[in-house]
Amino acid sequence: MTATMTDAPPPAAPKAGNAPQRSGRSVGQILMIVAGALLLVAAVRMITGSNQLDSAGQVAAALGLAVPIGLAGLAGLWSERAGVVNIGLEGMMILGTFGAGWIGWQSSPWLGLLCGIGFGVLGGLVHAVATITFGVDHIVSGVAVNLLALGATQYLAKLFFAEGKASEAGGNPKQSPPADSLPDITVPGLSDGLASIEKHHWFLVSDLAGIIGGLITNLSVVTILAVLLFVGSWWLLWRTPFGLRLRSCGENPTAAESLGVNVYRYKYAAVAVSGGLAGLGGAFLALVTSHTYLEGQTGGRGYIGLAAMIFGNWRPGGLAMGAGLFGYSDALQLRNGGVTVHALLLLLVVLLALLAGWKMYKKAHWQGGIALMTAALVLVWYLFTDEVPSDFVGATPYVVTLLVLSLSAQRLRMPKADGMRYRKGQGK
């Protein structure tokens, strides 16, 4: 196997007179966006009468579906911030599901959770050795990890689950015996009170009650751990010297080396953490979502996590929003079907109209016209139908993902040395 990647760029001289620009949005802007989105959803709920749009059950289901996607995306963020493209996230999640199911049913779900993380780290190290040490193309290595993980887990499942005690406990060549459940957390008193307020269907008040109730009722400890990992990753990567050095390896490893940074060490650490996070996402599927390992249960979530990471512009906050959006749309079509998805068409009309107005304001008349025409077509669809066809309902999460990525593509900025081969001393 030969490396086909380009070498990392030499250090670039800073341009005089260019002050560093602040990236991201302020807290005030984020709060305004969240408030506007909440008002819009509440208005659509009142107009359409679709009370499931932001019910506690809908929010809880969306959160459960968003967690493994978010963990996969966070895994990709760690890897790519260090300059290593990780297409192998799907395979590392598969390893995590098998490790969690294998150990989880034999001992305890907590040990299964640790084993899932460990199996993911193992997959990450395989990817790191291939790309960092041997300079293999990152895409080729990632695809190889996916194929190896799939083949290895299928073989091991037949070896460990098809006979003996595992078979007697409910295992078969495609799934493990069921494991015990991890604990859930519910805020006593508050959950019942919010549920009572939600049932009145008051404008905005009931919407807030439904959203908050979904976030504090039957909350898995792994979900809380995932939230802490997002916050911790942001702090570690953007507020500590370690994070600055790691991100410098993804921007310009040659310049980082000239300042005494051990680039190999930081890249290995980032890809190992990436594998562990992906393995945790797989363990969530095996121990929280289904309580058992199932062949093919990742369902492409590793790739969707990468899409969420790109939507989030390689930052934890945007990544969380992308994972939440996919989880919400997936939960909507799984729980409520075509009637509730039909209500989303009206929400889509408003968003496209706002986008058209923004593009016109920015004098991007061609793009604004396309957005306005699309809004008109969707409005016609909404007015002349009562339900979205079932075939389209199943594709809703993927359509939402493609639409969001296409609308956000112009503001993306990936790490400059992402996917480039680095060799120690090449800048001398």
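Helices are DSSP runs of H or I that hold at least four residues, and they are numbered from the N terminus. The structure described here is a predicted model.

Helix α12 comprises residues 263-289, 27 residues in total. From its first C-alpha to its last, α12 reaches 38 Å, close to the 39 Å expected at 1.5 Å a residue. This helix is mostly covered, with 20 of its 27 residues buried. Just after α12, the residue H291 adopts a positive phi of about 65°.

Helix α12 packs with helix α4, which is formed by residues 109-133. The two helices meet at an angle of about 140°, and their axes lie 6 Å apart. The crossing in which α4 passes α12 is right-handed. By class, the contact between α4 and α12 contains 15 nonpolar, nine polar and one charged residues.

The largest nonpolar core has 35 residues, of which L246 and L319 touch the most other members. At least two residues of this core are supplied by each of α2 (56-81), α3 (89-106), α9 (221-239), α10 (241-251), α12, α13 (301-311) and α14 (316-335). When residues up to four places away in sequence are not counted, L319 touches G70, G73, L74, L77, F230, G305, A308, M309 and G312.

The buried residues of α8 are S206, D207, A209, G210, G213, G214 and I216. Among the elements that cover these buried residues are the helices α1 (27-48), α2 and α7 (190-198), together with β1 (184-185). Just after α8, N218 takes a positive phi of about 50°.

Residue L348 is located in helix α15, which runs over residues 337-361. Buried residues have under 20% relative accessible area and exposed ones over 50%; L348 therefore counts as partly exposed, its relative accessibility being 25%. The C-alpha atom of L348 is separated by 9.7 Å from that of T374, a residue 26 residues apart from L348 along the chain.

Terms used
Residues are numbered from 1 along each chain as its sequence is written. This is a predicted model: local features need pLDDT of at least 70, side-chain atom pairs count only at pLDDT 80 or more; totals for chains, interfaces and linings use all residues. Side-chain values use heavy atoms; hydrogens and water are left out. Buried means under 20% relative accessible area, exposed over 50%, partly exposed in between (1.4 Å probe, protein chains only). The expected span of a helix is 1.5 Å times one less than its number of residues. Axes are lines fitted to C-alpha atoms, for helices over the stretch in contact, and angles run from 0 to 180 degrees between N-to-C directions. A crossing is left-handed if the near helix is turned anticlockwise from the far one by less than a right angle, and right-handed if clockwise. Ala, Val, Leu, Ile, Met, Phe, Trp, Tyr, Cys and Pro count as nonpolar, Asp, Glu, Lys and Arg as charged, and the others, Gly among them, as polar. A nonpolar core is a set of buried Ala, Val, Leu, Ile, Met, Phe, Trp, Tyr and Cys residues joined through side-chain atoms within 4.5 Å. Contact means heavy atoms within 4.5 Å.
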